[in-house]
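Here is a short walk through the structure. Keep the sequence and the model side by side as you read.

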Amino acid sequence: MKNDSTSKHKSVYKIPWGNLFSLKKFENSDYSLKQKARFLYFLSFALIGLLILVISYTGYIQIINPLYGEIFFPVLVAPILLVFIFITCLVLIRKGYYTVAVHTILISTIATTYSAMWYSHGEPFSRLNTIVFVLGVLSLLPLLLKNYNVISFLYIFLNIIILIAFVTVKSDELSLSDSAIFDYLGDTSFALMFIGLTGYFIFRINKRSMDQAVSDFNERLAAEKALAKSEIKFSTLVDNMNEAVMIVDNENRIQYVNKKFTELMGYTSEEIIGVIGFNLLSDPSEKEIVINAEYNRKVNNINQYEVSFLSKNGMKINFLVSAAPAFDSEGNAEVSIIAMADITERKKAEQALRQSEQRYKTILAAFPDIIMLSDLKGNIIFGNEALERITGIAPEDYSNPDRKAHIHPDDLPLVISTFQELLKSDKPYSGIIENRFIDSWGNTHWFSGTISKIELNNQIVLQTISRDITEKKQIEIELAKYRDHLELLVNERTEELEATNEELLSTNEELNNQRQELEDALMHLQIAQNKLIQSEKMASLGVLAAGVAHEINNPLNFIKGGAIALESFLNDNLHDHAANINPLLDSIKVGVNRASAIVTSLNHYSHRGEIEISDCDIHSIIDNCLVFLNNEIKSEITIEKSYTSIPFSVRCNDGRLHQVFLNILLNSAQAIKDAGDIKIQTRIEKGRVFITILDSGCGIKSEILSKITDPFFTTKDPGEGAGLGLSISYNILRDYEGTLEFESEVGVGTKVIISLPVTKT
Amino acid sequence: MRKTILYVDDESINLLLFQAILGSKYNIVTAESGDDGLRQLTAYPDTVGVISDMRMPGMNGLEFINMAKTKFPDIFYFILTGYDITPAISNALEEGLIHKYFRKPLNHVEIENAIEEAISEK
């Protein structure tokens with residue numbers, strides 16, 4: 001509008017005649033005045049043109065009329081005067097003096113009309129008739145006057161008075177009857193008044209309508225302003241919402257989106273408006289959800305649902321949608337307003353949580369060990385699959401205090417004390433405990449596990465992780481069996497050794513070299529034995545000893561037999577030399593006896609399962625040994641006995657047990673240099689008898705403590721002991737499932753602990 | 001008259017020595033194997049006792065004694081061995097197949113006493 005007016009302005013200045021038709025002075029006037037001014041302006045032009053035409057015509061008529069033959073000027077004065085008056089009016093209007101112009105025209109026209117009537121000498125009819133100009137001009141009053149008030153009526157009454165004055169003064173000239181004059185006056189006055197009234201009401205109605213229109217217009221303008229203001233508020237609010245908003249029509253065509261929508265979806269408003277909403281769904285099948293939601297909204301009054309949209313750059317966005325219809329004035333749903341919260345992150349978090357939960361469940365289900373949560377009363381809160389598979393505890397047994405599966409009664413104290421320590425401790429978990437457990441079917445399991453305390457819903461809960469190590473335990477037992485089997489294997493090996501030794505000894509043929517060879521053989525034997533001991537432990541020695549003994553005893557037999565024969569020969573034949581020779585023969589015999597004793601003692605290794613076993617009384621065996629050793633035990637040594645009062649016996653070979661205690665007691669006695677004591681104590685514990693022999697002797701150095709049961713290990717001088725005593729004792733005890741242990745401190749004494757299983761108490 | 005005793009041992013030195021030690025008291029007949037022993041028993045029917053080694057090539061001591069005893073049930077039999085007592089020997093003792101068993105190296109006094117005892121028991 002503004003642009004248009006500007007362009008019109010420009011054209012006004014460019015074209016000169018345009019200037020003539022535009023009324024600059026009235027541009028800012030009200031609409032009606034502007035129109036009136038234009039009307040008057042152009043009327044003036046028209047009248048000027050018309051008057052010129054009238055003047056020309058009248059002049060022409062006068063010229064062609066034979067009566068005159070020339071222009072009669074008095075007749076032309078009036079129109080010419082009027083032309084000047086109208087030109088003045090034009091100038092006045094252009095100058096902006098509208099009211100002056102109007103009244104000038106009115107007064108001058110009326111004055112001219114009356115002058116013409118007054119001074120005319122024509123027919124009365126044509127003089128009286130001239131009044132119609134006045135009527136015509138007066139009928140223009142509502143068009144010309146700005147305010148139709150007293151002045152209008154003043155014009156009417158003034159004219160009526162002038163008319164009456166004219167008729168009265170000129171009645172003679174007019175030569176009309178009185179009745180005709182009255183009739184004329186009455187009719188004309190009536191016409192004048194009627195014109196006045198009509199003009200008044202037309203003006204009034206126009207004015208009222210205009211005022212009404214203006215007030216309506218102003219009201220509407222105010223309403224529009226208020227609406228615009230509220231729209232700004234609304235759009236600011238909607239644009240700044242954290243939710244995307246769109247408005248769709250009944251065909252689901254997008255009519256509006258807010259700023260958040262454009263930010264999230266990447267489309268500008270221009271791009272998106274007019275698009276069908278369904279086309280934005282990332283999964284076209286979700287159209288169903290929207291349609292269902294619309295149905296639910298109408299029927300069930302539920303208006304929230306979740307769908308995912310695809311943004312311009314292809315990102316999937318999950319929305320929580322709330323939709324509501326907007327109604328038109330007749331109550332029909334016109335559009336739907338849809339608010340959409342971006343829940344993509346929430347969805348992702350939910351999915352991540354679900355996945356993590358799923359992973360955790362999978363791990364728990366596949367975990368081979370038992371994982372269990374329980375409260376402090378022993379109710380199980382949670383158990384993984386392994387719990388039911390291994391122990392048979394099903395979820396319905398979780399809170400059953402009488403469930404069949406339970407901790408082995410022997411291990412219950414251990415488990416309870418672990419619980420209690422854990423609850424007291426700062427550490428959240430226990431050390432590894434091993435315990436037996438009886439499952440729902442009555443089978444015993446070995447479990448190895450830890451207990452942790454964790455806080456769950458402000459409550460201390462115990463988490464147990466246990467591994468079923470039953471098989472491992474069984475394998476341990478199997479292994480022990482295999483160890484025993486190994487001995488059989490060793491027997492086979494030793495037969496091979498036997499053959500070797502036979503070869504070794506078969507070269508011993510000459511009597512004179514026998515002793516030397518014997519010693520060599522013994523040395524070889526020792527080396528062989530040492531090797532054997534290293535690899536195969538004691539068991540092999542027995543069979544070796546048995547085989548070797550025979551082979552050594554034969555050469556010993558040669559020596560001894562030779563010596564005996566020699567002695568008897570010498571006694572018979574060289575009696576005089578007996579004193580010289582006998583000591584030599586005796587030394588041979590001593591040597592043979594000593595070697596023989598060693599070989600004999602070696603035989604102890606070979607006895608296994610062939611010797612009579614009976615119920616032995618340990619106390620009397622010890623007492624017997626003390627009697628045997630009476631000579632060996634110095635009088636300064638005191639023996640203290642503290643025997644258990646519980647009667648018991650052990651299944652052993654009586655003789656071999658005697659040998660054991662003789663060896664040990666002899667060692668104790670020999671360890672005491674001058675004076676000291678030997679304390680002998682027996683006690684029963686866990687189905688075994690423990691015999692402790694404590695001496696106050698010289699003690700055993702720690703570095704040799706582990707070797708004292710090795711065969712041929714001795715600290716005694718050569719000839720005083722073969723180093724077999726403890727080795728044999730150890731082997732004998734082993735045969736009867738006994739143990740032999742030493743604790744010693746140099747200068748303080750040695751403690752020997754023997755244990756054997758008790759068969760009878 | 002000296003009693004005849006048969007001594008069986010595969011080691012000739014043992015045979016020699018046995019002869020040397022007990023030859024003055026008894027008439028010692030020797031054999032180097034079980035087979036040889038059976039032949040000697042037949043050759044010397046007045047033999048009163050047999051002392052045999054245990055381990056020998058061919059028959060061992062007990063096998064030899066077993067066979068000898070069927071033919072010569074009235075004489076006594078001893079084992080003289082380098083071995084410690086074995087289950088076979090203790091069975092033989094229990095069954096009365098042999099009177100006694102001696103360990104090598106020999107104790108001539110023990111053997112003499114046993115022979116005397118066995119003779120007197122007859």
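How many Å separate the centres of domain 3 of chain A and domain 5 of chain A, taken over C-alpha atoms? The distance is 46 Å. Chain A is divided into domain 1 (2-211), domain 2 (241-350), domain 3 (372-454), domain 4 (475-606) and domain 5 (614-757). Domain bounds come from an automatic or database domain assignment.

This is a predicted model, where local features need pLDDT of at least 70, side-chain atom pairs count only at pLDDT 80 or more, and totals for chains, interfaces and linings use all residues. Residues are numbered from 1 along each chain as its sequence is written, chains are lettered from A and ligands numbered from 1 in the order in which they are written, and side-chain values use heavy atoms, with hydrogens and water left out.

Now the salt bridges. A salt bridge is a side-chain nitrogen of Lys or Arg within 4 Å of a carboxyl oxygen of Asp or Glu. The structure holds 19 of them over all chains. One joins the side chains of A:Glu306 and A:Lys347, at 2.6 Å from N to O. This pair links distant parts of the chain, 41 residues apart. A:Glu306 sits in strand 3 (residues 304-310) of chain A, and A:Lys347 in helix 15 (residues 344-366) of chain A. Helices (H or I, at least four residues) and strands (E, at least two) are DSSP runs, numbered from the N terminus.

A second bridge pairs A:Arg436 with A:Asp411, with the closest N and O atoms 3.1 Å apart. A:Arg436 is in strand 9 (residues 433-438) of chain A. A:Asp411 is in the loop between strand 8 (406-407) and helix 17 (412-424) of chain A. A:Asp411 is buried, because its relative accessible area is 9%. A:Arg436 is partly exposed, at 22%. Buried means under 20% relative accessible area, exposed over 50%, and partly exposed in between (1.4 Å probe, protein chains only).

Next, a contact across chains. A:Glu498 forms a salt bridge with B:Arg55, the closest N and O atoms being 3.9 Å apart. A:Glu498 lies in helix 18 (residues 470-506) of chain A and B:Arg55 in the loop between strand 3 (47-52) and helix 3 (61-71) of chain B, so the pair joins two chains. A:Glu498 counts as partly exposed, at 22% relative accessibility. B:Arg55 is also partly exposed, at 26%.

Finish in chain B. B:Thr81 is in strand 4 (residues 76-81) of chain B. B:Thr81 counts as buried because its relative accessibility is 0%. B:Thr81 and B:Ser52 are 29 residues apart in sequence and 8.0 Å apart in space, C-alpha to C-alpha.
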